[in-house]
Amino acid sequence: AVFGASLLLLALQTRLAAAVAWARRTRVGRKLIWESRDPGFAGGWAGLPGAEVEVQPQHWRELLDDQELHAQETRRAGVLATGSRGRAVALALAFNLLGFVLAAQLPGAGVGNAAELIMTGLGFAIWSFLGLLVLPTPSRSGVYEADHYALQQRVDPEVLIRAARKLDRLQEDEAERAGGVELIFHPVPSVENRVARLRGAIRARGAHQATRLALYLSWACLGVLARAVHCNAGRPEVWVLLPSD
């Protein structure tokens, strides 16, 4: 039941996001142009693997010049082309399913009645918090992998860096971050760490946005943290499509 509900959440991701945020959207091919009032909204790939659509904020087209927008679109294409999105979906599903099974084994927990389900949900909340500690690492690698893909497609690294800096100001606006701080709670690496990796041409293999995808899919596991993390608390437009790179 949890697995089926998770797949349903993936399939309905864009519809749920639009309903929660009251957002207007325009379809352009495989792309949804999203009018968002939240400047930190970044969209991304949504939907079941193999049937994804790209959600792109309307304000990107106003903020970024043609070269910068092309750089971002190339990165997004790379998230699919490298398999990073598929790995993120698989990792998020596996992590949540394992957590739900373990939580259901706790004393007083289970799935037999309402009281057991509540205890299972509370146990899963602890598991979700652990995910905020371990899942950011493959998520950051997914960001680096997308950057490297763009370089392989002959995107000018300076253009890529310029776009990253512009978009970072709309989100955490934390261009530099110590490695120890970034290790937990930060699935998107700081701009300067991305710049260092770009200039060092270091390859990476990751699971793009596995952390925040697992949070969204935790709805199926009675999770309570999906709307209460630092990046989206009190911001309904990013409850379903959490902030991304």
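Predicted model: local features only at pLDDT ≥ 70, side-chain atom pairs only at ≥ 80, totals over all residues.
Which side chains meet in a salt bridge at 2.5 Å, N to O? Those of Arg 162 and Glu 68. I will come back to that pair after some housekeeping.

Residues are numbered from 1 along each chain as its sequence is written, and side-chain values use heavy atoms, with hydrogens and water left out.

Let me start with the sheet. Four strands form an open sheet in the order E1-E2-E4-E3, with mixed pairing. Strands are DSSP runs of E of at least two residues, helices are runs of H or I of at least four, and numbering goes from the N terminus. Two strands are said to pair if DSSP finds at least two bridges between them. At the edges are strand E1 (24-28) and strand E3 (44-46), each pairing on one side only. On average, neighbouring strands of this sheet are turned by 30° against each other, direction ignored. For angles, the axes are lines fitted to C-alpha atoms, for helices over the stretch in contact, and values run from 0 to 180 degrees between N-to-C directions.

Helix H2, residues 13-21, packs on this sheet and touches E1, E2, E3 and E4. The direction of H2 makes about 10° with that of E2. Contact here means heavy atoms within 4.5 Å. Within the sheet, strand E2 (residues 31-35) and strand E4 (residues 53-57) pair in the parallel sense over four bridges. Leu 32 stands opposite Val 55 in E4. As a reminder, strands of a sheet pair through backbone hydrogen bonds, either parallel or antiparallel.

Now the charges. A search of the whole structure finds 14 salt bridges, each being a side-chain nitrogen of Lys or Arg within 4 Å of a carboxyl oxygen of Asp or Glu.

Back to the opening pair, Arg 162 and Glu 68, whose side chains meet at 2.5 Å. Because Arg 162 lies in helix H8 and Glu 68 in helix H4, the pair ties together parts that are 94 residues apart in sequence. Glu 68 is buried, at 0% relative accessible area, while Arg 162 is partly exposed at 35%. The cut-offs are under 20% for buried, over 50% for exposed, and partly exposed in between, with a 1.4 Å probe and protein chains only.

Arg 162 also forms a salt bridge with Asp 65, at 3.4 Å, N to O. That pair links distant parts of the chain, 97 residues apart: Arg 162 is in helix H8 (residues 157-168), and Asp 65 is in the loop between helix H3 (58-63) and helix H4 (66-81). Asp 65 is partly exposed, at 32%. Asp 65, Glu 68, Arg 162 and Lys 166 are linked in a network of salt bridges.

Another salt bridge joins the side chains of Glu 237 and Arg 37, at 3.6 Å, N to O. Glu 237 is in the segment after H11 and Arg 37 in the loop between E2 and E3, so this pair ties together parts that are 200 residues apart in sequence.

One more arginine: Arg 212, in helix H11 (residues 210-217). Arg 212 counts as buried, at 7% relative accessibility. Leaving aside neighbours within four places in sequence, the contacts of Arg 212 include Glu 172, His 230, Cys 231 and Ser 244.

Next, the backbone. Most residues other than glycine have a negative phi. Arg 154 has a positive phi of about 65° and is not a glycine. Arg 154 sits in the loop between helix H7 (136-152) and H8 and is exposed at 78%. Leu 222, also not a glycine, has a positive phi of about 65° too. Leu 222 lies in the segment after H11 and is partly exposed at 38%.

Last, the surface. Phe 129, Leu 183, Ile 184 and Phe 185 make a nonpolar patch of about 330 Å². Patch residues have over 30% relative accessible area and no salt bridge; like charges are joined within 9 Å, and nonpolar side chains (Val, Leu, Ile, Met, Phe, Trp, Tyr) within 5 Å. Areas come from the Shrake-Rupley method with a 1.4 Å probe, and for residues only the protein chains shown count as cover. Ile 184 is in the loop between helix H9 (179-182) and helix H10 (191-200), partly exposed at 31%.
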